[in-house]
Amino acid sequence: MSGDAPGPERGAMAGASQAIDAESWAFALELYAEPGIADACLQLQNECGVDVMMLLMATFAAVRRGIVLTRTDIAEMDAACRDWRERIVRPLRALRTTLKTGPAPAPNERTEKLRSSIKAAELSAERLQNEVLAQWLAKLPPQPRAVQRKDMISALRAAIDFALRERGAEPSAAQLALIETMVDKALGISR
């Protein structure tokens, strides 16, 4: 038998990863659509440099899998998706953002169509990043317990701290309040 054929464990891991991918993407879309969450995520992305997909996956891990990610987990999760984010997602985001105001001939109706296409590509790239994150999360066994609000806040704080580490900064009170808003909305959609 060829060494390329997946064994039972490998097949089970792939199946678990696909299930986590589908469930976490649906969760991310649902949470992101909640009032105030998109703004909170974008503010944390712009002010702290946080990866929104990682933030959403950390929230999913806590709410749906009972896993409270630590700073070490966040660093490992980042390592799993960093190349994709830096080389694909961020350049697409930068192009889309630039087209809002220029260079000439932007902004106009025709460049807005291009910007919309780039926005769709950016969302597709984030969808693929979610898949990478789901593969990483599939390696951690779900925990048979309900995660407490304070634990969720701790996990999201770890993601913010990780993003701010290079700046040598601490999150502001306003940024911490955004984390609490995310946690409360995530708990609300999980009931």
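Predicted model: local features only at pLDDT ≥ 70, side-chain atom pairs only at ≥ 80, totals over all residues.

Reader: With which residue does Glu122 form a salt bridge?

Author: In general, side chains of opposite charge can pair when their charged atoms come close. For Glu122, the closest N and O atoms of the pair are 2.4 Å apart, and the partner is itself buried, with a relative accessible area of 15%. Glu122 lies in helix α5 and its partner in helix α4, so the bridge ties together parts that are 26 residues apart in sequence. The partner of Glu122 is Arg96.

Reader: Which residues does Arg115 touch, not counting residues up to four places away in sequence?

Author: Arg115 lies in helix α5 and is buried, with a relative accessible area of 14%. Leaving out residues up to four places away in sequence, Arg115 touches Arg96, Leu99 and Lys100.

Reader: Which residue meets the side chain of Arg115 in a salt bridge?

Author: The N to O distance of this bridge is 3.2 Å, and the two residues, being three apart in helix α5, are separated by about one helical turn.

Reader: Of Arg157 and Asp161, whose side chains meet in a salt bridge, which one counts as buried?

Author: Both residues lie in helix α6, four residues apart, about one turn of the helix, and their side chains come to 2.9 Å, N to O. Arg157 is partly exposed, with a relative accessible area of 26%. At 11% relative accessibility, the one that counts as buried is Asp161.

Reader: How many salt bridges does a search of the whole structure find?

Author: Besides the pairs discussed above, there is a network of salt bridges that links Asp51, Asp78, Arg82, Arg85, Glu86 and Arg90. Over the whole structure, the number of salt bridges found is 18.

Reader: At what angle do helix α3 and helix α4 pack?

Author: Met54, Met57 and Ala58 in α3 meet Ile74, Met77, Asp78, Cys81 and Arg85 in α4, a contact that by class has six nonpolar, no polar and two charged residues. The crossing is right-handed, and the axes of the two helices are 10 Å apart. The packing angle is about 145 degrees.

Reader: Which residues have the most contacts inside the largest nonpolar core?

Author: This core has 49 residues, and α3 gives the most to it, with 11 residues. One of the residues asked for is in contact with Met54, Ala58, Leu69, Ala155, Ala158, Ala159 and Phe162, its neighbours within four places in sequence left aside. The residues with the most contacts inside the core are Ile74 and Met182.

Note on methods
Residues numbered from 1 in each chain as written. Heavy atoms only, no water. Axes fitted to C-alpha atoms, helices over the stretch in contact; angles between N-to-C directions. Left-handed = near helix turned anticlockwise from the far one by under 90°. Contact = heavy atoms within 4.5 Å. Nonpolar A, V, L, I, M, F, W, Y, C, P; charged D, E, K, R; others polar. Core = buried A, V, L, I, M, F, W, Y, C linked by side-chain atoms within 4.5 Å. Buried < 20%, exposed > 50% of the residue type's maximum accessible area, 1.4 Å probe, protein only. Salt bridge = Lys/Arg side-chain N within 4 Å of Asp/Glu carboxyl O.
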